[in-house]
Amino acid sequence: MAGNSTDPGRSVTSKVTAILMAFTNGAVLSLTEIAGIAKLPTSTAHRLVSELLAWRLLERTENGGYRIGLPLRIIGKDATGHDTLTRAILIMRARPVLAELARTARADVKLGALNGHEVVYLGQFGQGTQNPAGTDGGGAHALGPAPPAYATAIGKALIAFSPTSVVNRVIAEAMQTGKPMASPDNFRQARAIIRLTHIATARNENDGNGTTIAMPIFSGGGRVAAAVELTVREPCTNREAVTGALTVACRSLSRQLATECRGHGTLRHNENGSTPPA
């Protein structure tokens, strides 16, 4: 049986990481090949692969093989191993945390990351939805026509902690396309405030009475990995309590992500070398 010499002291995250790292250059692998490369018993590999399929971190091909799922492929061909691993760990760790946040806050919750300067959604929770990769079954993308990232709370939270080059591209595209945007100076000022408060807000484009609140998740060293957005529709909702619950969830995920990335030697600092408070 392939991979029976596995180290019994390995953590689940370490085993999952080994499975994901087996897929290089768009590889399509059989279960036996995955077990052999990851040095896992076939039974263990089968169990973990089944969970990764449920999270859409892996997907089946037409010939019965396995390949990396859309939420990881959509990062782009130039993504580093750090980006792939960070996103995989985040999706695994975020699912129970955000499902609980949606339940306690009685709000819709989205997990998203930047792909270039556009938001891609890695998970949506609320109103009975528990799909970690999109409520419509279509994978990690926005549902329907999406407003530009800078007009959404989740986009603002992600852009605020992105490199200056990303901010400049967002502004340049907005000016070229004529999409509604505050002046570049106002946008940069708003970005500075979000960096101080870690809170971004916006009017929900799909609900005239709704408000969205978003906060970033960090993978360590000030590097933004994703953001979580809450949609609040009930007028009587306690905004302070909802924001507090969102803060707790994001800080918890940031700590988990930073710890696990550091443990796998993937921690890197952002361009400013700053570290947000946990």
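This is a predicted model: local features need pLDDT of at least 70, side-chain atom pairs count only at pLDDT 80 or more; totals for chains, interfaces and linings use all residues.
Start with the packing. The largest nonpolar core holds 54 residues, and the members touching the most others are Ile19, Phe23, Leu52, Leu98, Leu101, Leu111 and Val228. Helix 5 (residues 81-105) is the top contributor to this core, with 12 residues. A second, separate core has 25 residues, among them Ile154, Leu158, Ala160 and Phe161. As for Leu111, its contacts beyond four places in sequence include Leu90, Ala94 and Leu98, along with Ile154, Ile217 and Val228.

Then there are the aromatics: two pairs turn up in the structure. Tyr150 and Phe187 count as edge-to-face because their ring planes stand at 85°, with the centres 6.4 Å apart. The two residues are 37 apart in the chain, with Tyr150 in the loop between strand 4 (118-125) and helix 6 (153-160) and Phe187 in helix 8. Tyr150 is buried at 7% relative accessible area, and Phe187 is buried too, at 11%. The other pair, Phe161 with Phe218, is also edge-to-face, at 5.0 Å between centres and 85° between planes. It bridges 57 residues, from the loop between helix 6 and helix 7 (164-177) to strand 6 (residues 211-218). Phe161 is buried at 9%, as is Phe218 at 6%.

Helix 8 (residues 184-197) also carries Arg191, which counts as buried because its relative accessibility is 16%, under the 20% cut-off. A polar atom of the Arg191 side chain lies 3.2 Å from the backbone oxygen of Ala160. Other contacts of Arg191 include Ser162, Pro163 and Val167.

Finally, two charged ends sit over rings: Arg60 over Tyr66, 4.3 Å from the ring centre, and Lys110 over Tyr121, at 4.8 Å.

Conventions. Residues are numbered from 1 along each chain as its sequence is written. Side-chain values use heavy atoms; hydrogens and water are left out. A nonpolar core is a set of buried Ala, Val, Leu, Ile, Met, Phe, Trp, Tyr and Cys residues joined through side-chain atoms within 4.5 Å. Buried means under 20% relative accessible area, exposed over 50%, partly exposed in between (1.4 Å probe, protein chains only). Helices (H or I, at least four residues) and strands (E, at least two) are DSSP runs, numbered from the N terminus. Contact means heavy atoms within 4.5 Å. A polar contact is a pair of N or O atoms within 3.5 Å; within protein, one must be able to donate a hydrogen and the other to accept it, and residues adjacent in sequence count only if both atoms are side-chain atoms. Rings of Phe, Tyr and Trp (its six-membered ring) pair if their centres lie within 6.5 Å; planes under 30 degrees apart count as stacked, over 60 as edge-to-face and the rest as tilted. A charge sits over a ring if NZ of Lys or CZ of Arg is within 6 Å of the ring centre and within 35 degrees of the ring normal.
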